[in-house]
Amino acid sequence: MASNPPRLKIEITSNERLKNLKCHFEAKFGESPLFYARAPGRVNLIGEHIDYCGYSVLPMAIEQSILTAVSVNNSGMIQMANTNPQYQDFKVPCSEEIVIDRKNPKWYYYFLCGVKGIQEKFGISRLAGMSCVVDGTVPPSSGLSSSSALVCCSGLLTMEANQKSLSKVALAEICAKSECYIGTESGGMDQSISFLAEEGTAKLIEFQPLKATDVKLPDGAVFVISNCCVEMNKAASSHYNIRVVECRIATKMLAQARGLDPSGLLKLCQVQAALKASLEDMLVLVDEVLHPEPYGREEICKVLGITSEKLCAELLSANTQHVTHFKLHQRAKHVYGEAARVMRFKSVCDGGSDESIKLLGELMNQSHASCRDLYECSCPELDQLVDICLKSGAVGSRLTGAGWGGCAVSMVPSGKAESFLQAVRDAYYTPDPHRAAMEKQSLFVTKPGGGAALLLEE
């Protein structure tokens, strides 16, 4: 587990994507890359919006990735370009402090999050000059973690360019922390799976301390990703951070109600640990303590015995200062219920019974219902897509990623994969010109891929 990211020797000529990226780099900068860095996107099979509450999640890496060609030089600049012409070039001096504009979440600011994370970890006053060309195959704003893959890739290549060394676990933790520079209060799942993934297996990711355990998925079923074609950028909207804040406030309210000191508690898992309670006990406690009607600021301040100023300064984030009402009961109920489903999902996979595909499908369906009704992080298009997937032969289907757009993941019996793809294509993509144009990169079977790596030309 403490191992470093792999350094793989590769034959460029036999890899079309690398060959094209090398040509693009040489045309742009007039030299060859010194090395390449790759970090995959991910699909979360179950465990949505619970990593930042301290609970385990169950993702796997996908084939789609961020791939960057890099040269190291004495230019005194970090130059960033992208193979996609819609993403503009950017450069920053190595000697100046890296400033990330969180009100303007452009692609290169995500890249700079990773650079800044490594710089601060090692206290590097002057970074090595770098020229970088980024190529991404993870669909952006789709819930497959394109932004975190970009942060992880830039963290990895900055480490290498500055001749530093870190384990995969340390890199995952640094990149999770550094994504906060752009305003996303990430829980760490996306960065952890990007570094700790291994081909052929999903992973149970646990936090505090960070740990990844293999989860063998059952034979006889495949996972299919389908994009609802509604984009959602976590850093550009406040939906995601509002949920983080609601969970933080619910933590304080539950702690207060059970006579715990709420001051040191920020995550729902901490209340469970302090009470030595089961997840089932916590679900009962939520019903006893929190009312389903939204809480206003005044009520929260009164129960917690804090001023409005303290609420704003200590519990709300920069982009949630405008929020007046908080659904604490629904959010806490989702988190404790979803945490229990993750553990059940793993035990079903470990048990390997004949019923496992059916049972896993049911857990995925329950997860989507909870995301839709309690956490309210779905959207009409995602709900329609999940419904179509179930009618087309999936045993389970749910939104994956932050939600409010992006992708669904479906578990489909292997023998039905082709007919499933065709049915979803006909029902969701073909009737709509916008979706039909995106269908090629929006509907695909996926299998567990490998984690981030440095690639060196042979």
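User: Which helix do F25 and F29 both lie in?

Analyst: Keep in mind that this is a predicted model. F25 and F29 sit four residues apart, about one turn of the helix. The helix they share covers residues 16–29 and is α1.

User: What kind of aromatic pair do F25 and F29 form?

Analyst: A pair of aromatic rings is described by the distance of the centres and the angle of the planes. For F25 and F29, the centres are 5.1 Å apart and the planes are at 55°. Planes under 30 degrees apart count as stacked and over 60 as edge-to-face, so this pair is tilted.

User: Is F25 buried or exposed?

Analyst: The cut-off for buried is under 20% relative accessible area. F25 has 0% relative accessibility, so F25 counts as buried.

User: Why is helix α5 largely enclosed by the rest of the structure?

Analyst: Helix α5 packs its buried residues against several elements, including β2 (35–46), α3 (146–161) and α4 (168–178). Its own stretch is residues 189–196, and α5 is largely enclosed because the number of its eight residues that are buried is eight.

User: At what angle do the axes of α4 and α5 cross?

Analyst: Two packed helices are described by the angle between their axes and the distance between the axes. The axes of α4 and α5 come within 8 Å, and they cross at roughly 150°.

Terms used
Residues numbered from 1 in each chain as written. Predicted model: local features only at pLDDT ≥ 70, side-chain atom pairs only at ≥ 80, totals over all residues. Heavy atoms only, no water. Buried < 20%, exposed > 50% of the residue type's maximum accessible area, 1.4 Å probe, protein only. Helix = DSSP H or I, 4+ residues; strand = E, 2+ residues; numbered from the N terminus. Contact = heavy atoms within 4.5 Å. Axes fitted to C-alpha atoms, helices over the stretch in contact; angles between N-to-C directions. Phe/Tyr/Trp six-rings, centres within 6.5 Å; stacked < 30°, edge-to-face > 60°.
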